[in-house]
Amino acid sequence: MEPELDVDPGRDDLPLRANTNHMLVRHYALDLTVLLQEQLIRGSVVLFLEPLPAGAGAEATVRVGATADDRTVAGTGETSSTAQKEGTTQLSQTNSCWESTSQGDFTLVLDCCDLVVFKVEEVDVSSVPDMSSLFEAVGPEGSEPSTDSQPAVLVQRLIALPSHQWRRQLHLYSQCSQAPAYQGGGPLLFHTDCWSLQVRKRGAGSPQGFPRALRVSYETKPEGGSVRWTRDQDHRMCVYTAGSPINNRALFPCQEPAVAMSTWQARVQAPQDCMVLLSGENQALPTHNQKTGSSSWEYYVTMPMPASTFTLAVGHWLQATPDLSIEGERRGQEEEAWSGALAVQAGSIPCSHGDYPCRFTDPSAWRQWVVPHRVFAPPSLLPKARKVLLPLLPRCLAAARGTLGVHPFPRIDLLIVPAGFSSLGMASPHMVFLSQSVLDGGEGGLTSSVCGSRLCHELAHSWFGLAIGARDWTEEWISEGFATFLEDIIWGHAQQLSGPETEEQSKLKALLRWRRLADELRNSEEELQILRPNQDNTGLVSESGSSMVKHALNPEKTFMQVHYLKGYFLLRFLASHVREQPFLSFLRLFVRKYHGQLILSQDFLHLLLCSFPDLERQGLTLKAIYADWLDGAGIPKWLVEGSAVWSQARLVEEVKEEVVKWILPSSRGGKGRKRKRSALPKVNHREMSPEQLVLLLDLLLEEEELSVKSLRLLQRTYNLQNQGSEARHRWCELVVQHKHTQAYGDVENFLVHDQAMGVYLYGELMVHEDAQQQTLARRCPLIGPGRNGPISTPSGGGDGPVATQERRQDVFVKGGMRSSNKR
C-alpha cells in the first residue's frame, strides 16, 4: 500500500481521520473467524450509524464550562480552519480517480489501518421481520430522519430504544447484522489509504441521506499493529489485541476518537480447543460445530465506550478454579469489613450520561462487594496463577469497591498473556491482561506486592480510564496518574494496613517514584515531559471531527512514564492540601457525577476547586496548576521539597543503613589492593519489604564498585533470582554494570521471561562496549508480539505503518543509555 501524500514517515503524531462531527457509529456488530495458523482474522462488521445535525458535532466537542478561548484544535496547536485542512483525508497515488467520482457525495471516513477490505454494502434492515415492531414506536421530537427512507427511520428508532429495552435492542441489532445487502440505490464506493477507509453512496450528498447500516467485509494482516500473533508459554499459537498506539483500527474499521462512544456485540469463531475472551458483560458459553471443528462465542456490551477499549484474546487458556468453600467464607469477611465505608450512596446524585443500563443506579450492584471474576492462564502457569492471583483478586476487588464505590462493570476476567506482552498490565472493559512477570516474588496472596500493586492499578482503571475517560488522548494522566495514585490506597486497604503503616509505605513508594521521575526528566526531551501538550488547544477537533494525537507514534514516548508519575504526584499534591480522606470522598463524588462520560483536566480541577474553596485562597488556582503541573516540563517546587521529606522516612532510613553494610566490604577490597580469599565478615542484614529491597538495589546501582563477593552474597542473602520483577530487574542491572559474568544466566532469564521490562536491560547490554554482553543481548532478542522481526516496542505495541525496525532498535539503545546515565 502506498503511503498517503500527507503522511511524513518521520512524523510522530497519530492521525484520527474519522469525521465524527458528521456521523457517529452507535453500535458495532462483529462476526469474526480467527485463523490461528494463517495469523488472520476474517469476517465482517456491521456499523449502525447516526448522522449529526449540521453544527451539532462541532458544538458537542466543546466541554462543559468551556470558554471561547478554549475553542481550539486538539493535537495541532492551530486554528480550526487549519486543522480541518490538516485532517482532510488525502488520496493514495494508486487511486487518482476516487476524487473525480464524488460529484458532491458525502464521504464517511473511518479509522482503518493494515486491513484488506473486500466489500462495503448497505444492510437491508427493513427485511428483518422483527423490525416492523419499531414502526409502532414514536421517536423523540426532532430525532426522526428527514428522509423518507424506511431503513433510516428503522435504524434511528432502534438506536433510540430506551435502556430498559436493551435486550430487545440487542436482539434487533443481532438480527439486522445478519440481514442481506440492500438491493436498491446502487453500490457503495469505498477507498482505503494508509490510515482510513472512506465510503460513499452515489446521490447521498449529506450525512442525513447516507445509509444507516453498513457491512464491511474484511480481513486483518499478520503485521497489523492492533493484533498480536504469538505463542503462549506452552508454545501454542494464540492472538490478543494489545491497545497499541493505533488502537483497534487494524482489528476492524471504526471511529477512533474518544468522543465516538458506542456499544458492541461480537460473535467470534475459533478452533474448538481454544478459549475466546472478549470485552463483554456476559460470561459467554461456546457453541460447538463438530463438522468444522470450531466453536462460536458471543459477547455484548450495553455501556457505550470508545472503540479503542474493545479487547479480544484467543488461545489455549485454562481457568484457575478456587476452593469454593474458602472463597465464600472470605467474601463474607470482606463484605463485613467494608460495610459502611462509602460516603456517597446509590441514587444520591443523578446520572449525567446518556441512557444505558447503568450499574450506579442499580441497588443490587451497590450491594455487590466482589463482582464475579475468573482467572485464565496457559496450562504451565495455571498453578502459579491459582496460588498468587486467586487469593488476591477478591480482596483487591472489595478494596477498590470500598475506595471508589460500585464497580462499573458486572464481571471481570484476568488473563496471563504471553511472555512478549509489552507491559505489566492492561485494563479493558470486563478484562485485565497481566504479564507473567507479576506472578513472581512473594509466596502468593497478600505477600505478592508486585502482583497486588499492579492488580490494584488495573482495577482502578475501571473507574478512571474506562467508566471515566479522557476526551483528548494527549491527557493520558487522567487515566494513568489516577490509577497510580489509587493503586497504593487500594492495595493498602486490601492488606488491611493501619493508618501509620499505610503512611510509611506511601512515603517509601513516593520516593521510589520520585527517583524514577527525576531520572526520566533529566534524560528526555522537554516536549515529552508535558502532561497537557496541547495546552489551551486541548479537547477540540476540526470541523469534520478529525485531529492528530500529538507524539502518539513517537517510539521514545513508549519508554516514558511521565504521565503515570507526574500525574500521580499532582494528585498527591492536591490531596496534601485537603487531607487524604476528604480527597477520597471527593473522588467518589467525582465518579458519581462523571461516570459514563469523557472529561478534560479542567472538568476535574473545576469541580475540585468548587468543592474546596479554600484552595484558591492558598494560591491553588486553575492557572497556577496548569503552569506548575500540566503545561510545562521539569519538576514542580513542591515535588522537590516533598522528596526531601520522603528520603527521611523510617523505612527509607532502614534501607540506607543496609546500603552501608554492603558498601564497606567492597570499599575495603577495591581494585589494586591485595585481597585475602577469606569470606566477607558476617553481617546481620535486616529483613526488608519488596519496596525496600528495590530501593536498596537502586541505591547500590549508584556505587561505582561492588566486589564479586559482595554481589554473590547480595544474591544469596535476598534470593534475588526469585524476587519480584522490579527487584530482579535492578539485580540484572547490577550484574551488567559490574560485569558479574557468573550471574549472566539471571540476565538471560530476565530477557526471555520478562520482556515487558527487559527492553531497558537490552539497551544497557548494547550500550556497554563489551563483546560478551552484546552477544548475550543478540542471543535473547525481544520478540515483539505482532511483529515478525526481533524488536518491538516495550509498552504499547506496534509503531504503526510508518515506523522502521532500525528506529525502534535505536530507541532501545537510547533507553539503555538513559538508564546508564543515572549511575
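Me: Among contacts in the protein chain between residues at least 6 apart in sequence, what share joins residues at least 24 apart?

Reply: The share is 77%. This is a predicted model. Its protein chain has 24 helices and 23 strands.

Me: How much of the protein chain counts as buried?

Reply: Of its 823 residues, 61% count as buried. The chain exposes about 32000 Å². Carbon and sulfur atoms supply 49% of that area.

Me: Why is Ser-196 called buried?

Reply: Buried means under 20% relative accessible area. Ser-196 has 0%, so Ser-196 is buried. The residue is found in strand 7, residues 196-201.

Me: What makes the link between the side chains of Ser-196 and Asp-193 a polar contact?

Reply: The cut-off for a pair of N or O atoms is within 3.5 Å. The side chains of Ser-196 and Asp-193 are joined at 2.8 Å, so the pair falls inside that limit.

Me: Why is helix 13 described as largely enclosed by the rest of the structure?

Reply: Eight of its 11 residues are buried, so the description holds for helix 13, residues 601-611. Among the buried residues are Phe-604, Leu-605, Leu-607, Leu-608 and Leu-609. Ser-601, Gln-602 and Asp-603 are buried too.

Me: What do the buried residues of helix 13 pack against?

Reply: They pack against helix 9, helix 11, helix 12, strand 23, helix 14 and helix 15.

Me: How are two packed helices described?

Reply: By the angle between their axes and the distance between the axes. For helix 9 (residues 477-494) and helix 11 (residues 562-578), the axes come within 7 Å. They cross at roughly 65 degrees. The crossing is right-handed.

Me: Which residues of helix 9 and helix 11 meet?

Reply: Helix 9 brings residues including Trp-477, Phe-482 and Phe-485. Helix 11 brings residues including Tyr-564, Leu-570 and Arg-572. By class, the contact has eight nonpolar, four polar and three charged residues.

Me: What makes Arg-572 one of the charged residues there?

Reply: Asp, Glu, Lys and Arg count as charged, so Arg-572 of helix 11 belongs to that class.

Me: Where is Gln-774 found, and which residues is Gln-774 in contact with, leaving aside neighbours within four places in sequence?

Reply: Gln-774 is found in helix 23, residues 771-779. With those neighbours left aside, Gln-774 is in contact with Leu-765, Met-766, His-768 and Glu-769. A polar atom of the Gln-774 side chain lies 3.1 Å from the backbone oxygen of Met-766.

Me: How far apart are Gln-774 and Glu-764 in sequence and in space?

Reply: They are 10 residues apart in sequence. In space they are 9.2 Å apart, C-alpha to C-alpha.

Key
Residues are numbered from 1 along each chain as its sequence is written. This is a predicted model: local features need pLDDT of at least 70, side-chain atom pairs count only at pLDDT 80 or more; totals for chains, interfaces and linings use all residues. Side-chain values use heavy atoms; hydrogens and water are left out. Helices (H or I, at least four residues) and strands (E, at least two) are DSSP runs, numbered from the N terminus. Buried means under 20% relative accessible area, exposed over 50%, partly exposed in between (1.4 Å probe, protein chains only). Contact means heavy atoms within 4.5 Å. Accessible areas come from the Shrake-Rupley method with a 1.4 Å probe; for residues, only the protein chains shown count as cover. Axes are lines fitted to C-alpha atoms, for helices over the stretch in contact, and angles run from 0 to 180 degrees between N-to-C directions. A crossing is left-handed if the near helix is turned anticlockwise from the far one by less than a right angle, and right-handed if clockwise. A polar contact is a pair of N or O atoms within 3.5 Å; within protein, one must be able to donate a hydrogen and the other to accept it, and residues adjacent in sequence count only if both atoms are side-chain atoms.
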